[in-house]
Amino acid sequence: METLYNILIDPFVQMYEAPDFLMQVLWEGLVSGVLYALIALGFVLIFKSSRIFNFAQGIMVVFAALTLVGLHENGVPAWLAVPLTLGVMYVLAVGIERVVLRPLVGQPDIILFMATIGVTLFLIGFGEFVFGGENKVMITEALGIPTGALEFNPFGGFVLIEEKDLTAVVMAVLLVFALITFLNYSSMGRAIRALGDDHQAALSVGISLSTIWVIVWFIAGVIALATGIVWGARAGVSFALEVIAYKALPVLMLGGLESVSGAIVGGLAIGILEKLFEIYWGQPFLGGNTETWFAFILALIVLLFRPQGLFGERIIERV
Amino acid sequence: MAEPPVTGGDTFPKILFHNARVYGQRPAVREKEFGIWQTWTWADVLEEVRALSLGLKQLGCVAGDKVAVIGANRPQLYWSMVAVQALGGVPVPLYADSIADEMAYVLNHAEARFAVVEDQEQVDKVLEISGELNQLQHILYDDPKGLRDYDKKRLSSIAHVQEIGRQILASDPTVAQAWKQDAEQVEGGDVAVMLYTSGTTGRPKGVMLTYDNLVISARNANDFDHLNETEDVLAYLPMAWVGDHVFSLAQAYCAGYCVNCPESLETVLTDRKEIAPTYFFAPPRVFEGLLTHVMVRMEDASKTKKKMFDYFLRVADRVGERILNGEKVSLKDRLLYAIGEFCVFGPLKNQMGFSRIKVAYTAGEAIGPEIFRFYRSMGINLKQLYGQTESAVYITSQPDGEIYPDTVGRPFKDVEIKIAENGEVLYRSPGSFKAYFKNEEATTSTKDAEGWVKTGDAGIFLENGHLKIIDRAKDVGKLTDGAMFAPKYLENKLKFFPNIKEAVAFGHEKDFVAVFINIDLIAVGNWAERNNISYASYQELAANPRVYEMIQSHVEQVNRDLAQEPMMSGSQISRFLVLHKELDPDDGELTRTQKVRRSFIAERYAPLIEALYDGSTHKHVVTQVSFEDGRIGSIEADVEIRDVQTFPATHAGAYQEAAE
Amino acid sequence: MNVLVSPEDKTGTQRKEREVLLDLENVSLSFGGVKAITNISFDIQRGEIRAIIGPNGAGKTSMLNVINGFYQPQQGRITFNGKTRRAMKPHLAVSQGIARTFQNVALFKGMSTLDNIMAGRATRMHRNMFWQILYYGPARAEEIEHRKKVEEIIDFLEIQHIRRTPVGKLPYGLQKRVELARALAMEPELLLLDEPMAGMNLEEKEDMSRFILDVNDQLGTTIALIEHDMGVVMDLSDRVVVLDYGRKIADGAPEEVQNNQEVIDAYLGVSH
Amino acid sequence: MLYRTSGQFKTTYESDQALFPVKQDALLLGVILLAAYVVFPLTASEFTFKALLVPVLIYSLAAMGLNILTGYAGQLSLGTAGFMGVGAYACYKLTTIFPEMNVVVALALSGFFSAAVGVAFGLPSLRIKGFYLAIATLASQFFLVWLFEKWAWLYNYNASGAIEVRTMEFFGIVITGPTATPVTQYYFVLAVVTIIAFAMINLTRGRYGRMWKAVRDMDIAAELVGINLMRAKLTAFAVSSYVVGIAGALLVFFWKGAAEPNLFDIPLSFQILFIAIIGGLGSIIGNFLGAILLVALPVILNVLPDTLGLTINSATMEHVNDMIVGALIITFLIVEPHGLARFWALIREKLIIWPYPH
C-alpha cells in the first residue's frame, strides 16, 4: 500500500508542496524540449521533401558545433567562424546530394536510411579526425550569448533561469517562425512542401529536384548549427552529444514523420514529461537516468493506441 | 544373315521380361513432369505394360490387331506399343502433327481397331474423322485435361484401362502367368511395327518391320558403339519416325538404357541440358541451329572474352579432332586444348547438354563440313550414318576414328551394299523390311526376290571404303558429254557457304552445268554493312557487282573441289546467275519444308534458263510474286549472267578402283 | 496421375442443383461517412461463374473485400456455406474456402513462382518449428506433399517454364496467371477474381478466359469475377450483377442485363 | 565455367529440394568447412583467433539473427545489441545460479530469455510499421541497457558493475575464462554457428521462411492468403532474438570474457545492422561475407600502417576507420544495394552460364 502511495500519490503531493521546484523542472524540460523539437524539425523537413529518414541529423548538430568551435580554436574570430561554418554545412549539403542521394534515388527506403547511417559514421570519423575527439567548450562568450542567470521568487520559492537557456528558447522560436514563413510564403518553400506529396507537381514549379534537396539539407544544416550552439553551451561539444539526436526519434514517433507542428508539440511534450518523470519517479524509485529511454517508451505506448501518431491521419488500407 | 541373338529374347515383350529381371531396379524411362524427372525402373515398366496390356485385352484387343499410336514422346505411348505387341498386335505410330485427312487415310489403311493418343488435341482430331473410320472401336488417351465432359463410351484414359488390367490381375493370380505365356508365343519373324513413310509422291506406305529386323539391327548398333544399360537418351523426335523407334525403343530395350521424355517440345533445350544424354541423334538442322545460337549469344560477350573464345576455337579447330581421333598431337597443343576445355569447350558442352555425350549421330541430309568439324573439335564424337525406314535405320555408319564430313560411313554389320548401273545404292540386310502393308506392287518394285532393296539414292564408294550419297537417284542426270550430273550434290556444296541460301542447278541433257543462286540476306546484308555497301532491297543487293564477285569466288571454289573428286569433275559449274527474288513457298518455288521444287522453277524461269545456255550476259525478266498480305504483284529485273572458271580433273578413275 | 481431375465417370451433375453458396443480405459499407456499398443483396450459387460489373467507383472491389472479410460492413448479413457472419478476420477467409486475386497484382515480389504458390498453402501446413529446423522427416514430407499439389496447379495453368523465376521479373500477364495459381493453391470453394484480365492483350485474355473456364469446369470451383471487358463477361459468366454508385441496379443472365436500360444508362453516363 | 549443371537432373522432390541442388555448391561449402574446421586451426595464430576468426563468427551469428527479422520478415530493428545483452546476462545468471549446469545447456536456454524479451518488444509491430517500428525497437535498446546498468542483481552486485566469465569446462576441457585456449573457444563458437546457420537455412526455405517473406513483400496479400500476421511477425521476433541472444552470450563468454552494460549500446546494434545489410538482407551466407568485411577491415587498417612502417596513433586510426567504414557503406549501397550475397549470386550466375555473357 505504502509503495503504491509513494508511486502514485506522493510525487504529486511534492509538486504541490514545492511549486517553485516544479517550475524549475518544467523550465529545464522546456529547454530540452525546444532542442528536441529543433532536431526533429530537421528530420521532418528532409523526410517531407525526399522521403529520406535522415539518421545523420543528430550528428550534423555535433558536426556543426564542432566545426564552429574548431575554427575558433584555430584563430578564426567568432563573427567569421559562424558564416564559415554555415559554408561548411552548405558544402556538406551539396556533397550529400551529389555523392549519396543522386546515385541512390529510387532505391527502397531502408537503403537510403542505411546510407544516412553511413553518412553518420563518416561524419563522426571525419570530425574527430580533423578536430580531435576530446570534449570542447562552446564559445558562448565569443558569440555574445549572455551567460548570467535570472532569479525569480514565485510562491516564496526560488527559480533560476540561465540567460543562455533563455537565449536558446528565443532563438528557437525565431528560427521556427522564420522556417514556417519560408515554407508557407516563398515559392521554394511551397515547392518543398509539395514535394512530399507529389514529385511531378513540385517539379512543375520549375525548380530542379537536386536544388531542392541541396536547399533542404542546407536548412537542416542551419538548424543543426543553431541547435549545436545552444546545446553545446549547456553540455559542451563532443560526439557524446549524439545521444540527443536519438531523442528526436520518439518526438517523430509522437508527432509524425511529416508534421512540422507535430515535431514542435511532440518535442516540447517529451522534453517536459521526461524531466518530470526523471525527477519525481526516476530518481527516487528507479535509480535515475531514465531520460535515456523514457521518451521511447512513452512514444511506444502512445503509438500502440494511435498507430498513426498524435498528428497523423487514419490510414485506410486498400487492395 | 546372322543368327537371331538369343540373350534377352527376340521380341520386345520378351526383352522386357529379361530387362525387368536383369536391370529391374535400373531406370528405364523418365519423364519431366511436375517439376522433376518422374522415373520408372524396368520392373515398373513391366508392371505398367502388363496392366495396360491386360486392360487392352479386356477391351477386346487380340492378336493381329493394329493399334494406332498418336502423340508426342510420352512414356505411356511407348508402353502401349509393347503392351499391344504382347497381345500379338501391331502398333502403328502416326505423326502427331499430321492433318485429319492424312490420319484418316492411315487409320483406315492400317485397319486400326484402337487408337492410343496423347491428349485432347489428338482425341478431337480422331473424333472429327471417326465417321470415316470403319474399323476404329476405341480411343485411349493419356492426358485427361479438357476431356471431362466427353462421351466416354468409346473413350478411356490409359490410367483407367490400366486400372482394369490391375483389377484383373488382383482377382486372378494365374492371369499374369497366362499373359506372359501368350506374349512369349510371338516370335522374331512376326511383324513388330508398321511405320508409314510420308512418300514424296502418292499415299503413305506402311512399312512392316519384324522383330528380327529391329532387334538384330539394334543389337548390332549397340555393339558398334559399345552402348549399354548406363546410357541416357532424349526422346524428342516424332514417334512415327523409324529413327525414334529404333533409338528410343529397339536399342533402348536391347541395351537396357534409359529413355528420357522432355516436358514439352518447347522445353527440349533445357531438358536436354538437365539430362545430358550420352547417346544423341539429331538431323543436321538441329546442330546448325545450335551452333548459330552459340555464336549469336557470344556476340554480346565482352571483348576479352570474345577474343579468348575465338582463340580457343582456333586451337580446337587445329587439334581438337585429331585429339578425338587419338592421333599424335604435340604436348603444347594438348595443354592448350586442355585449357580450352576448361575455359570454353567444357562450359559450352555443358550449355548445350553435351557434357556426357558418348556418341552423337546426324543423318538424313548432308551436314555442313564446318558445322560437323565444330562439334567434333569440341570433343563431341559426332558421326554420320545412312539409313531409311525400310532398313530399320542402319545401312552404313562411320566407325570411330574414320570420320569424314562428306561420307556416311562403311556398310554396317551384316549389311551388303551394291551400286546399281544408274548409280542407285542397293542393300541387303537383316534389318530390311518384310513388305509394304497391302501394297504388293510397291513391295516388288522396291525389294527384289534376292532381298536387295532399292534406296532411291545415288551414291558412290570412295577409295577409303566409305559410301558417299550424292543425290536422289531419280534426280541424277547426265550431261551431253556423258558426265554424271547430281544437282542436289552441287547445290549442297554451294549452300555450305553462309552467303548462299539456296541454289538450283541445271544440266541434265545440256552441254554444261549452270546454276541459279539465292543469296542469304542476313549474311550478305551483314557483309554489305561492314563494307559500306548500301542497298534498299534484296533485289538491289543481289544485283550488286561486288556481291556477284563474291558469289563467283564461291562457285569457283566449288569447281576446284569438284575437280579433285571422282565422278564429279565433269560436272563443274560453267555459268551462274543470282536470282532477283528470294525463292518462296508462297510462290510455290519451295515446299513448305523449304525444299526446292525443281521442275516448277524450271518452268517459271524458263527465259532465264534459256539465257544461261544461249551465252547472253544479261536478261530482262518480269516475275509475278505474291506478297505476305495476299496481294499479287510483279517485279522486273535485268539479271546478270556470269561465266565461271573450271578446272582440270585431278582424280579421274578413282571410282573404278574403289568399287571393286 | 492428375488428381486435380475427378474420376472420369463423374460428370458435372452437381452444378445443376443450384445450391446457394454465398448469400448477401442488405449489406452496407461506408468509410467515415462515405458510402461505398448501399443495401446490396445478391447470392452466388455453387458451381456458377458470377460476374460483378459496373462503372468505375461502383463499389465492385469493396464488394469483394466484404465477401472475404477484409472490410467489415456496418450492416447486413453474409451467409457463406450455411454459416452467417458479419465480421471476420481476413486471414480466416482462406480456411473458410474463399480465395481471391487482386486488381493490381499482389504477389510476393521477392519470391519465385513456386514459392508464391506454396505460400498459398500456408494454412494447410502445420509442422512445427523443430521439424522445420531439421527440414527432415515430417517437415520435408509435408513440404513434398504440398509441392505435389502445387506442381499440379503449375501444370494446369501451364507455367512450368517460370517455376523458378522471381515473380518480379515476369511480364504482367504471367504475373496474373501466377496469382491465379496461388489462389488455386488455397483450394477454394469460392474464388474471387478482381479484374483478372486488366492490362492484357487479346491473346493473354483468351488464355486467361480458358483457364477460368477450366477452373470452373474441371475443379468445380465457384467463381465471382469483376471484369471490365464486356465480351469476356458475356462469354464466361452464368449470371451478372451490376452495381452503380454502390447500389445494385440489375441482376440476371448476361443477355438480360445487357439489354437493361438502367445498365445502359449507367455505362453511358460514365466515361472510361 | 566451374558450375556445370548439365546432367544434374532431379528424379525426386527430395533431391530437388535438397539443401544444395547444385553439386558444385555442396562442393564449395565442403571446401569452406574444411578450411574452417581443419586449415585455420592448424595455421592461425592466437591473434588471428581473437581478432579475426572468433569475432567474425559471432558477428555473423548476430547479423543472421537480425537478418531473420529484417531481411526475411521485413521488420526493421535497431535494437539488436539490447537482445544480445539479454542473452549474455541470462547466460551469466544461469551459470551462476546453477553452477553445475552444462554451458551448452545454459547457452541454449539463455536464447529463450532473449526470445521472450524480443517477442515482448515485437508486440508493437502488430500495430506499428516501417520507420515507426524501427524507432520503437530503439526503445528496447535504450531501456535494456539502462536495465543492465541499474539492476544490480543482474551482475551479482559486482562493485565494477560488469559481468565476468568464470572458468568453465565442457567434458573436461576448459572452454571459458582466462585459461581457455583460443583454439578451443574457436572450435566451440564454430560448432554453435555451424549448427545455427544450418537451422536458419532450413527454417528460411520452409514454410516459416515463406510466411515471413510473404509478410515482408506484401503484408495485406499475405493476410489474404491466410497467413496470420501476428503469428508470422512474432515468430520472426522470437527466432531472431533467440539467435541474437546466443550471439550475445557467445560474445561475452567466448570472446570478451567480461562485459559492461555499454558494450550492448547502440554502436553494436548498428555494427550488426551494417553487417546484415552489406552482407545482404534476406540471405544467410551474406551475414558471413558482411562480417568478414566489417571485422577484417578495421584489423587490416590497424595492422597496415605498421607493416608499411608508418606510426599513426591508434586514436587517429580509429577515426580513419570510422570514415572508411562510413564511406564503404555508402559505396556499397550505391554499387550493390542488395549486398555481398547478391554480388556472389551474380558471380555464381555468371559461372553457370559461362561462356555466354547473359
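Here is a short briefing on a pair of helices and a pair of domains. Keep in mind that this is a predicted model.

**Two helices in chain D**

- A handy idea to start with: two packed helices are described by the angle between their axes and the distance between the axes.
- In chain D, helix H12 covers residues 285–307 and helix H13 covers residues 314–335.
- The axes of H12(D) and H13(D) come within 10 Å and cross at roughly 140°.
- An angle over 145 degrees would count as roughly antiparallel, so H12(D) and H13(D) are oblique to each other.
- The crossing of H12(D) and H13(D) is right-handed.
- From H12(D), the residues D:Leu293, D:Leu294, D:Leu297, D:Pro298, D:Leu301, D:Asn302 and D:Pro305 take part in the contact. Their partners in H13(D) are D:Met317, D:Asn321, D:Ile324, D:Val325, D:Leu328 and D:Phe332.
- Sorted by type, the residues of this contact of H12(D) with H13(D) are eleven nonpolar, two polar and no charged.

**Two domains in chain C**

- Chain C is divided into domain 1, made of 18–97 + 188–272, and domain 2, made of 107–187.
- Between the C-alpha centres of domain 1 and domain 2 of chain C there are 26 Å.
- Where the domains of chain C touch, 20 residues of domain 1 are in contact with 13 residues of domain 2.
- About 1,400 Å² is buried between domain 1 and domain 2 of chain C, and carbon and sulfur atoms give 73% of that area.
- Which residues of domain 1 of chain C lose the most area to domain 2? They are C:Val94, C:Pro188 and C:Phe211, together 38% of what the domain 1 side buries.

Methods
Residues numbered from 1 in each chain as written. Chains lettered and ligands numbered in written order. Predicted model: local features only at pLDDT ≥ 70, side-chain atom pairs only at ≥ 80, totals over all residues. Heavy atoms only, no water. Axes fitted to C-alpha atoms, helices over the stretch in contact; angles between N-to-C directions. Helix = DSSP H or I, 4+ residues; strand = E, 2+ residues; numbered from the N terminus. Parallel < 35°, antiparallel > 145°, perpendicular 65-115°, else oblique. Left-handed = near helix turned anticlockwise from the far one by under 90°. Contact = heavy atoms within 4.5 Å. Nonpolar A, V, L, I, M, F, W, Y, C, P; charged D, E, K, R; others polar. Domains from an automatic or database assignment. Buried area = accessible area lost by both parts, 1.4 Å probe.
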